[in-house]
Amino acid sequence: MEQKAQLAELGLFDAKVPRYTSYPTAPHFGKNTDSAQFSSWVSRIAPGSSISLYVHVPFCRRLCWFCACRTQGTHSDAPVEAYVQVLKAEIALLKAQLPADITLSRLHWGGGTPTLLSAELIRDLAGAVTEAIPLAPRAEFSVEIDPNEIGDRRLDALAEAGMNRASVGVQDFDSTIQQAIGRIQSFEATRAAIEQLRNHGITSLNADILFGLPHQTPAIMTESVQKLLSLTPDRVAVYGYAHVPWMAGRQSMIRSDALPTPESRLELFETARQLFLWDGYREIGIDHFARPHDGLAVAQQTGRLRRNFQGYTDDPAEVLIGIGASAISRFPQGYAQNAPATSAYVRAIRGGQFATARGHAFAGEDLLRARLIEALMCDFRICREEILSRFAVAEADLDQMFAEADAAFPGMLKVSAKGLQIRDEARPLTRMIARSFDAYDLSTAGHSTAI
Ligand SMILES: C[S@@+](CC[C@H](N)C(=O)[O-])C[C@H]1O[C@@H](n2cnc3c(N)ncnc32)[C@H](O)[C@@H]1O
Ligand code: SF4
């Protein structure tokens, strides 16, 4: 049977599955995790260790129709200034709770559009962060950049603060698609932003593009990817467009009859994939590509690739703290998420409390299953020896899990003494295969299409 028919038979074109940026996934977080729990997890961080910090800025100047991120539009600076003051208050609360001598190995500003902060606000916020928790030597400071919302003064401020990595949103260069998704951005604007970033000392540059957009064809995808390749990004994320107008109301502006079928989505991804591979990029997990020198490619080659809320990472830190509305933290003991609504978040912090609204404390087989799923998402395989040495699981039970996955995906997996491996031709099924190791109720809404 040809590959597409096999994938169809296994449900690839119908299934809805999580993206597994955490396990359990966020819809399974509960209200038992509160600010007291968050506080106790913070105080148990090892003194002298390095952690990662994510800063969420939920504002944008423009609201692109396709975007499923939780963000609000603003033309004035007042709400942004007020929000930065609240972030600073949250940093002060955190500082008071953190053990001694903690440094940051990674600092990431995301959103929304963190670059809508003025140069003054960038300095103010970056100063507050690094005064409270200094950057470790060789720390990575990355920022999500909208090429339409950046300028020299803001770049100067970010560079002075130590930004050395950046991620730019491209989506697609085709003008018909840009009009259909409500995001106009010329190739020249993207090129200029990337040049400016490189002139400001950015050593690793990521670009996001999307497949599955309205009117997108393999020919359009080819042209857009070739244009992107001319800008030589170090990393590229090729995300599947998630059309979820019931969750992101703006998407109802996008005509669903112009969207490609699931079968065409697979073809679009394959088109992009081949172009990146031909150009010498390494394939990283299910949706990233990186030049061989890039940290992600090196991590993949050396078995150190990880997956967290920002997607793929080579960050080895055990603790990732997220600050700002809706931000999620991960500790060895569990996950904690801040109140998603900016108003509730602001109220909690102004009241002198952490804004934790929900989360999950690891129990039972959570950590074992989290690692099984992460290994599949990062390496397309599970190493039996690694799992048996790290987790208290009986070999017979692990074999049983492998056998069940093998039975659910006949001919797609290779089970051996070494462990379990997803065959190359079955890689589009990776999230579905990962799901077979998920012990939580899978009927929960909020998952996206498998391709
Ligand atoms: C949170 S946005 C921030 C980017 C930045 N504000 C910009 O506009 O360039 C990060 C990325 O999420 C991805 N994204 C947003 N909405 C999406 C959707 N509906 N489906 C898939 N990816 C999406 C886009 O690729 C986007 O570049
Ligand atoms: S893509 Fe970026 S600028 Fe557009 S709405 Fe989403 S976060 Fe805002």
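This is a predicted model: local features need pLDDT of at least 70, side-chain atom pairs count only at pLDDT 80 or more; totals for chains, interfaces and linings use all residues.
Rolling a probe the size of a water molecule over the atoms shows where empty space is left. By that sort of test, the count comes to one cavity of 30 Å³ or more, and about 50 Å³ of space lies in the largest cavity. Three elements, β7 (165-171), β8 (204-211) and α8 (218-229), each put at least two residues into its lining. Helix α8 gives the most, with four residues. The lining itself is made up of Val 170, Gln 171, Asp 172, Phe 173, Ile 209, Leu 210, Gln 216, Met 221, Ser 224, Val 225 and Leu 228. Sorted by class, that makes seven nonpolar residues, three polar and one charged.

Gln 171 sits in strand β7 and has a positive phi of about 75°, although it is not a glycine. Most residues other than glycine have a negative phi, and most peptide bonds are trans.

Two peptide bonds also call for a mention. The bond from Tyr 23 to Pro 24 is cis, with omega near -5°, and Pro 24 is found in the loop between β1 (16-17) and α2 (35-43). The bond from Gly 111 to Gly 112 is cis as well, here with omega near 15°. Gly 112 lies in the loop between β5 (103-111) and α4.

Gly 112 turns up again around ligand 2, along with Cys 60, Arg 62, Leu 63, Cys 64, Phe 66, Cys 67, Thr 113, Asp 146 and Arg 183. In terms of class, this shell holds five nonpolar, two polar and three charged residues.

Moving on to open space, the second largest pocket has a volume of about 560 Å³. Of the 26 residues that line this pocket, the closest to its centre are Arg 306, Arg 307, Glu 318, Arg 330 and Glu 374. Both β12 (306-308) and α12 (366-379) supply at least two residues of the lining, and the largest share, five residues, comes from α12. The lining of the second largest pocket splits into 13 nonpolar, five polar and eight charged residues.

Finally, there is a helix pair to describe. Helix α3 (residues 78-97) and helix α4 (residues 119-132) pack at an angle of about 5°, with their axes 10 Å apart. Angles under 35 degrees count as roughly parallel, so α3 is roughly parallel to α4. On the α3 side, the contact involves Val 80, Glu 81, Val 84, Gln 85, Leu 87, Lys 88, Ile 91 and Lys 95. These residues meet Leu 121, Asp 124, Leu 125, Ala 128, Val 129 and Ala 132 in α4. By class, the contact of α3 with α4 comes to nine nonpolar, one polar and four charged residues.

Conventions. Residues are numbered from 1 along each chain as its sequence is written. Chains are lettered from A and ligands numbered from 1 in the order in which they are written. Side-chain values use heavy atoms; hydrogens and water are left out. On a 1 Å grid over the protein atoms alone, a cavity is a set of points where a 1.4 Å probe fits but cannot get out, and a pocket is an open set with protein on both sides within 12 Å along at least five of seven lines; lining residues have an atom within 4 Å of a point. Grid points are joined across faces, edges and corners, and a volume is the space filled by probe spheres set on the points. Ala, Val, Leu, Ile, Met, Phe, Trp, Tyr, Cys and Pro count as nonpolar, Asp, Glu, Lys and Arg as charged, and the others, Gly among them, as polar. A residue is near a molecule or strand if one of its heavy atoms lies within 4 Å of it. Axes are lines fitted to C-alpha atoms, for helices over the stretch in contact, and angles run from 0 to 180 degrees between N-to-C directions. Angles under 35 degrees count as roughly parallel, over 145 as roughly antiparallel, 65 to 115 as roughly perpendicular and the rest as oblique. Contact means heavy atoms within 4.5 Å.
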